Amino acid sequence: MPTWSDPEIVALRAVLASVAPQPGAPVPTWPERRLGIDALGGMTPVSESCKVEPLTLGGVAAEKLTPQGADPTRTIFYLHGGGYCIGGCASHRNMVARMATA
């Protein structure tokens with residue numbers, strides 16, 4: 001089970017701290033926050049063995065991620081958190097690709 005002292009968590013916390021607004025700085029707008037979380041997610045690209053296809057579901061932008069050798073009869077439908085304010089395909093792409101591959 002991961003703990004706060006695991007190297008990956010320490011590194012993530014350092015990245016988050018490096019992009020946090022300084023005390024007294026203006027609070028980022030929601031569009032600025034969205035760009036930031038997308039950039040953070042983009043720091044770890046998806047493996048080339050995972051096919052990424054953009055699509056639209058019910059008028060909402062989505063993606064289909066298909067790992068090489070995937071069983072076509074199995075599907076994961078992943079909805080990220082974020083309260084309809086932050087996060088999306090770009091911010092969660094790598095994590096979802098890793099889940100699909102596993």
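Author: Strand 2 gives the most to the lining of the largest pocket, 8 residues. Strands here are DSSP E runs of at least two residues and helices are H or I runs of at least four, numbered from the N terminus. Before going on: this is a predicted model, where local features need pLDDT of at least 70 and side-chain atom pairs pLDDT 80 or more, while totals for chains, interfaces and linings use all residues. Residues are numbered from 1 along each chain as its sequence is written, and side-chain values use heavy atoms, without hydrogens and water.

Reader: What volume does the largest pocket have?

Author: A pocket is an open set of points on a 1 Å grid over the protein atoms alone, where a 1.4 Å probe fits, with protein on both sides within 12 Å along at least five of seven lines; lining residues have an atom within 4 Å of a point. Points are joined across faces, edges and corners, and the volume is the space filled by probe spheres set on them. For the largest pocket that comes to about 1,300 Å³. Of its 39 lining residues, Glu63, Ile76, Phe77, Tyr78 and Val96 are the closest to the centre.

Reader: Which elements each supply at least two residues of that lining?

Author: Helix 2 (30-41), strand 1 (50-57), strand 2 (60-67) and helix 3 (89-101). By class, the lining has 22 nonpolar, 10 polar and 7 charged residues. Nonpolar covers Ala, Val, Leu, Ile, Met, Phe, Trp, Tyr, Cys and Pro, charged is Asp, Glu, Lys and Arg, and the others, Gly among them, are polar.

Reader: And how much space lies in the second largest pocket?

Author: About 550 Å³. It has 16 lining residues, and the closest to its centre are Leu12, Leu40, Gly41, Thr44 and Asn94. Helix 3 supplies the largest share of this lining, 6 residues.

Reader: Back to the strands: how do strand 1 and strand 2 run, and how many bridges join them?

Author: Two strands pair if DSSP finds at least two bridges between them. Strand 1 and strand 2 run antiparallel, joined by 8 bridges.

Reader: Which charge lies over the face of tryptophan 30?

Author: The test asks for NZ of Lys or CZ of Arg within 6 Å of the ring centre and within 35 degrees of the ring normal. Arginine 33 lies over that face, at 4.4 Å from the ring centre.
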